[in-house]
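Subject: Structure handover

Hello,

My notes on it follow below.

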Amino acid sequence: MSNASAAAAARTDLFDPVQLGPYTLANRIVMAPLTRSRADDAGVPGELQAKYYTQRSSAGLIISEATNISPQGKGYIRTPGIWSPEQVAGWKLTTKAVHDNGGRIFLQLWHVGRISHPDLQPGGVLPVAPSAVPAENQQAYTYEGFKPLVTPRALETAEIPGIIADYARGAKNALDAGFDGVEIHSANGYLLQQFLSDKTNKRDDRYGGSIENRTRIVVEVVDAVTKVCGSDRVGIRLSPLTTFGDIGDSNPEPLYLSLIEQINPYKLAYLHVIEGETRGNRNPAGGFDLQKLHRAFNGLYMVNNNYTLELAIEAREKKLADLIAFGRPFISNPDLVERLRNGAPLTPADPDTFYAGEEHGYTDYPSL
């Protein structure tokens with residue numbers, strides 16, 4: 001980066017402390033959730049994860065990689081879970097190390113829904129979803145390599161309270177593991193967004209059809225999780241305009257504004273919005289002004305998607321966001337906050353080491 005970047009960084013409040021719920025964060029830079037598929041086969045994280053997150057603990061807030069709330073919620077090999085005592089014990093290594101290094105860390109609660117495969121499901125059963133609508137041209141990452149996704153099984157109405165209970169249990173376990181709070185993953189084409197979107201939700205019960213019905217499970221999850229954690233330690237992630245995971249809605253603006261209106265009474269710590277296509281175009285055709293969500297939400301507003309230092313500074317100057325989440329730059333720059341503050345060059349990431357593997361491409365990227 002240029003000297004001009006360093007000079008601009010010196011003028012912004014991006015690196016100043018900010019209050020998030022009960023916590024004073026060191027800065028407004030957030031490490032976004034990044035699936036790295038390096039837990040063991042039972043979904044238990046260990047010393048390797050503790051080292052990885054501690055290296056990146058200068059972020060104002062770390063949001064953990066997406067973490068399965070149940071065996072049914074799993075969609076990729078070697079992703080961590082938060083349903084078993086062993087997983088809780090494994091995560092304690094990470095939370096203690098991050099806290100000892102002065103950081104804050106939330107756990108992201110995750111159920112993939114239809115983005116899975118019988119090879120990854122207990123007993124080899126079909127993945128579940130709001131409706132038996134397959135994700136077209138999508139693949140599952142299994143122990144035998146990539147396989148095409150299958151048509152999922154539609155959840156029975158009577159099963160949904162159990163899934164909501166899994167979110168609540170995951171939240172309790174996250175607190176027991178030492179996390180500072182949790183983020184509800186309702187984005188990127190996974191289960192909760194599958195309920196929200198009319199492309200994937202064809203139900204005719206109280207969880208399908210109208211906007212009120214399609215948003216119902218998300219609101220019920222928010223209700224259950226905030227009862228466990230307290231609302232000021234809960235955030236939620238949305239991706240209103242993404243097609244990631246073959247998702248989409250015919251009219252997303254009223255859908256997401258309605259959802260914000262319904263969750264506002266819970267006074268969540270933050271709303272985390274992926275702007276545009278996940279990992280892609282920030283302004284896709286047919287979108288709407290996502291600042292409407294910012295104006296509607298009563299809490300801190302976090303933005304994400306291909307942010308640079310310059311975009312982040314602009315977002316703060318124009319009051320477009322309270323927190324800026326960086327994803328892939330944190331993979332290859334464990335000291336990203338310092339590099340941005342000093343205008344230092346960023347190390348490029350190696351996509352071949354994003355998923356699975358061990359230390360290489362995970363904990364061996366250098367700091368300045």
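**Strand pairing and packing**

Valine 273 has valine 303 in β13 as its bridge partner. Please note that this is a predicted model: local features need pLDDT of at least 70, side-chain atom pairs count only at pLDDT 80 or more, and totals for chains, interfaces and linings use all residues. Residues are numbered from 1 along each chain as its sequence is written, and side-chain values use heavy atoms, with hydrogens and water left out.

Some terms first. Helices (H or I, at least four residues) and strands (E, at least two) are DSSP runs, numbered from the N terminus. Two strands pair if DSSP finds at least two bridges between them.

β12 covers residues 270–274. Five of its five residues are buried (under 20% relative accessible area; exposed is over 50%, partly exposed in between; 1.4 Å probe, protein chains only). Tyr270, His272 and Ile274 point one way, and Leu271 and Val273 point the other. In a regular strand the side chains alternate between the two faces of the sheet.

On one pairing, β12 runs parallel to β13 (residues 300–304) over five bridges. The chain gets from β12 to β13 through helix α9 (residues 291–296), in a right-handed β-α-β crossover. Right-handed here means that, with the strands pointing away from the viewer, the path from the first strand over the helix to the second runs clockwise.

On another pairing, β12 is parallel to β11 (residues 234–238) over four bridges. Isoleucine 236 has leucine 271 of β12 as its bridge partner. From β11 the chain crosses through α8 (residues 252–263) to β12, and this β-α-β crossover is right-handed.

**The barrel**

Where do these strands sit? They belong to a barrel closed by eight strands, in the order β3-β4-β5-β10-β11-β12-β13-β14, with parallel pairing. The twist averages 25° from one strand to the next. For angles, axes are lines fitted to C-alpha atoms, for helices over the stretch in contact, and values run from 0 to 180 degrees between N-to-C directions.

β5 (residues 105–110) and β10 (residues 181–186) also run parallel, joined by four bridges. Glutamine 108 has glutamate 183 in β10 as its bridge partner.

**Helices**

Take α8. Its twelve residues should span 16 Å, at 1.5 Å a residue, and its end C-alpha atoms are 17 Å apart, which agrees. The expected span is 1.5 Å times one less than the number of residues. Buried residues in α8 include Pro252, Leu255, Tyr256 and Leu259. Their cover includes α7 (216–229), β11, β12 and α9. Contact means heavy atoms within 4.5 Å.

Helix α4 (residues 160–176) lies across β5 and β10, at about 160° to β5. α4 also packs with α7 at about 35°, with axes 9 Å apart. Residues in this contact include Ile164, Ala168 and Leu175 of α4, and Val221, Ala224 and Val228 of α7.

**Two backbone points to check**

Which residue has a positive phi of about 60° although it is not a glycine? Aspartate 246 does. Aspartate 246 is in the loop between β11 and α8. At 14% relative accessibility, aspartate 246 counts as buried.

Alanine 356 also has a positive phi, near 60°, and is not glycine. Alanine 356 lies in the segment after α12 (336–342). At 13% relative accessibility, alanine 356 counts as buried.

Best wishes
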